[in-house]
Amino acid sequence: TYFVNPSDFGYYDLTMNMIFLIMPVLTFQLKDGAFRLLLDNKSETLRKGIITFTYKFIAISSSIAILFVGIISFFYAIQYVGWCISLMIVMSFYEIVIQIVRGINKNKYFVAAGILTALLIGILSIIFVVILKMGISGIFFANILARILVLLFLELRLHIYKKYFVYKFNDKQINRTLINYSF
């Protein structure tokens with residue numbers, strides 16, 4: 001906080017609170033549904049359906065959020081709008097993926113992801129704020145980059161996207177079950 005303007009830090013805190021309030025709506029809490037259904041189902045076909053639907057849903061809802069924020073920003077000045085929407089989208093994907101990791105019983109990676117994320121946010125915040133003097137933008141960037149790096153780490157180790165995402169897969173029963181559970 002010594003290196004960041006207090007009003008900027010307050011704005012960042014407010015932004016994080018808003019993101020935590022918006023994320024359940026943006027993601028329909030699919031992270032909980034995906035976790036629960038993956039835990040209960042060992043079938044590779046069902047897992048592919050659950051993960052494919054979840055990824056597609058988050059991609060579509062993120063696109064809608066970008067469009068919505070873009071329209072609003074034409075009428076109202078939103079400070080750090082690019083950082084805010086980027087952080088919200090990355091956090092949405094991150095939350096989904098770590099719950100998928102838990103759901104496919106890769107608990108060591110789930111724990112490692114949490115620890116690695118915290119370490120990276122700390123180290124990157126020091127680099128961007130203290131050394132590069134990026135101010136509040138550095139804190140946003142550290143949070144975004146840390147989660148992206150952890151998502152890449154998880155994909156390189158577990159191959160979730162490669163193994164489970166099938167673009168043309170569409171099972172309405174799985175989709176309905178996932179949405180119903182998440183609600």
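The radius of gyration used here is taken over C-alpha atoms, and the rule for a globule is 2.2 Å times the number of residues to the power 0.38. For the 183 residues of this protein, that rule puts a compact globule near 16 Å; the protein has 18 Å, which agrees. Keep in mind as you look around that this is a predicted model. Along the principal axes, the C-alpha atoms fill a box of roughly 50 × 40 × 25 Å.

Now trace the chain. Of the contacts with a separation of 6 or more, 79% join residues 24 or more positions apart.

Next, step inside. Buried residues make up 43% of the 183. The largest nonpolar core has 34 residues, and Tyr55, Ile100, Leu154 and Ile160 have the most contacts inside it. Helix 2 (30-40), helix 3 (44-75), helix 4 (81-103), helix 5 (107-131), helix 6 (136-158), helix 7 (160-164) and helix 8 (172-182) each give two or more residues to this core.

The accessible area is about 10,300 Å², and carbon and sulfur atoms account for 69% of that. As for charge, there are 17 positive and 8 negative side chains, with the centres of the two sets 9 Å apart.

Notes
Residues are numbered from 1 along each chain as its sequence is written. This is a predicted model: local features need pLDDT of at least 70, side-chain atom pairs count only at pLDDT 80 or more; totals for chains, interfaces and linings use all residues. Side-chain values use heavy atoms; hydrogens and water are left out. Buried means under 20% relative accessible area, exposed over 50%, partly exposed in between (1.4 Å probe, protein chains only). Contact means heavy atoms within 4.5 Å. Accessible areas come from the Shrake-Rupley method with a 1.4 Å probe; for residues, only the protein chains shown count as cover. Lys and Arg count as positive and Asp and Glu as negative; His and the chain ends are not counted. The place of a charge is taken as NZ of Lys, CZ of Arg, CG of Asp or CD of Glu. A nonpolar core is a set of buried Ala, Val, Leu, Ile, Met, Phe, Trp, Tyr and Cys residues joined through side-chain atoms within 4.5 Å. Helices (H or I, at least four residues) and strands (E, at least two) are DSSP runs, numbered from the N terminus.
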